[in-house]
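The following note sets out points for a colleague who wishes to examine the model below. Please read each point alongside the coordinates.

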Amino acid sequence: MKETTMNADDTTPAGHMTRRNFAGLLALLLAGGPSLLASDPAAAQASSTAQRIANHFASVKTMMGEFVQFGPRGEQTGGKFFISRPGKIRFNYEDPSPMRVISDGRTVVIGNRKLKTWDVYPLSKTPLKLLLGNQIDLSTKMVRGVKEEDDLITIVLGDRNMFGSSTITMMFDPKTYDLRQWTIRDAQGKDTSVMIFNVRNGVPLDPKVFAVPYDEIHGR
C-alpha cells in the first residue's frame, strides 16, 4: 500500500516508535479507565476563566506542530501533528516508525506502512471526538473534572453514553490559553500523554492531509 500524498511537510525529528509506543497510541484512542479528577459530573464546577480557555481552544479551527508521546512505561516517540476542526487530525510519527494516524471527521485509522495494515475505528467511539469538537461546554455532563492552578488549568472530559468510562484530560496554560498536552488513563490505570510544542494556529491545511485511503484499507 502506498501512503496518501500530503502537501504538508512530513519531516520529523529523529527517533523511533516501538511496539509499546503503538500500544500507547491504541490506549489514546480507546482508553477506558477512570478520570484523573472528579468522576461525578455534578462535581465539575468550571470558572469563567476555564470556560474562556475552552472556548478559545475550540475556536482555533486549524493547528499544526510537533508532539512527543509518553507511554505508560516511560517510552517516548514524537513527530508532527495536524488538526482541522471539527473532527480531523493526523499524526505523522518520526522515522523510522511506519505508523500514521488519520481522522477524516468520521473515521479514525491507524496505518502501518511497513506491514501495509490498517486498524479502523469510528471517531464517535473515541475520546478524540471531544478534543476535536466545535465547542467545549463546561456546564454539561461530559465534564468530569476541572482543576485550576496558577500555572495550569486541567479539564477532564468524558461521555458515558458514547465512550463508557473513557476520558481525555486536557491541560492548558492559563495565561496564553494554549493547549500544552492531553493525557489518557486506560482501564489498567496506565497513562499515555501527548505533549505539543512549536504550535501554529490558523494555518491553511490541504484537505488531502486528512484523507483516509479507503481503497487501500478495503484492498481495492
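1. Burial and surface. Of the 220 residues of the protein chain, 52% count as buried, where buried means under 20% relative accessible area, exposed over 50%, and partly exposed in between (1.4 Å probe, protein chains only). The accessible surface of the chain comes to about 10300 Å², and 51% of that area belongs to carbon and sulfur atoms. These areas come from the Shrake-Rupley method with a 1.4 Å probe, and for residues only the protein chains shown count as cover.

2. Basis of the values. This is a predicted model, in which local features need pLDDT of at least 70 and side-chain atom pairs count only at pLDDT 80 or more, while totals for chains, interfaces and linings use all residues. Residues are numbered from 1 along each chain as its sequence is written, and side-chain values use heavy atoms, with hydrogens and water left out.

3. Confidence. The protein chain averages a pLDDT of 79, and 75% of the residues score at least 70; pLDDT is the predictor's confidence in each residue, from 0 to 100. Over residues 1–23 the pLDDT is below 50, and beyond near neighbours in sequence this stretch has 63 contacts in the model, a contact being heavy atoms within 4.5 Å. Residues 30–44 also have a pLDDT below 50, with 47 contacts beyond near neighbours in sequence.

4. Secondary structure and contact range. The chain comprises five helices and 11 strands, which are DSSP runs numbered from the N terminus (helices: H or I, at least four residues; strands: E, at least two). Among contacts between residues at least 6 apart in sequence, 59% join residues at least 24 apart.

5. Nonpolar cores. Which residues have the most contacts inside the largest nonpolar core? They are Leu131, Leu157, Met170 and Trp182, in a core of 38 residues. Helix α2 (residues 48–59) gives the most to this core, with four residues. Apart from it lies another core, of six residues, including Met64, Phe82, Val203 and Leu205. A nonpolar core is here a set of buried Ala, Val, Leu, Ile, Met, Phe, Trp, Tyr and Cys residues joined through side-chain atoms within 4.5 Å. In soluble globular proteins, nonpolar side chains tend to be buried together.

6. Leu157. This residue is found in strand β8 (residues 153–157) and counts as buried, at 0% relative accessibility. Leaving aside neighbours within four places in sequence, Leu157 is in contact with Leu130, Ile136, Met142, Val143, Arg144, Ser166, Thr167, Ile168 and Met170. The C-alpha atoms of Leu157 and Gly145 are separated by 7.2 Å, the two residues being 12 apart along the chain.

7. Strands β5 (residues 107–112) and β6 (residues 117–122) pair in the antiparallel sense over six bridges; two strands pair if DSSP finds at least two bridges between them. Asn112 stands opposite Thr117 in β6. Four residues lie between the strands of this hairpin, and Lys116 takes a positive phi near 60°.

8. Cis peptide bonds. Most residues other than glycine have a negative phi, and most peptide bonds are trans. A cis bond, with omega about 5°, joins Arg85 and Pro86; Pro86 lies in the loop between β2 (76–84) and β3 (88–93). The bond from Asp95 to Pro96 is also cis, with omega near 10°, and Pro96 is in the loop between β3 and β4 (99–104).

9. Asn198 is found in strand β11 (residues 191–201) and is exposed, with a relative accessible area of 54%.

10. Asp173. This residue is found in the loop between β9 and β10 and is buried, with a relative accessible area of 15%. The side chain of Asp173 reaches the backbone nitrogen of Lys175 at 2.7 Å. Leaving aside neighbours within four places in sequence, Asp173 is in contact with Ile53, Asp178 and Arg180.

Terms used: A polar contact is a pair of N or O atoms within 3.5 Å; within protein, one must be able to donate a hydrogen and the other to accept it, and residues adjacent in sequence count only if both atoms are side-chain atoms.
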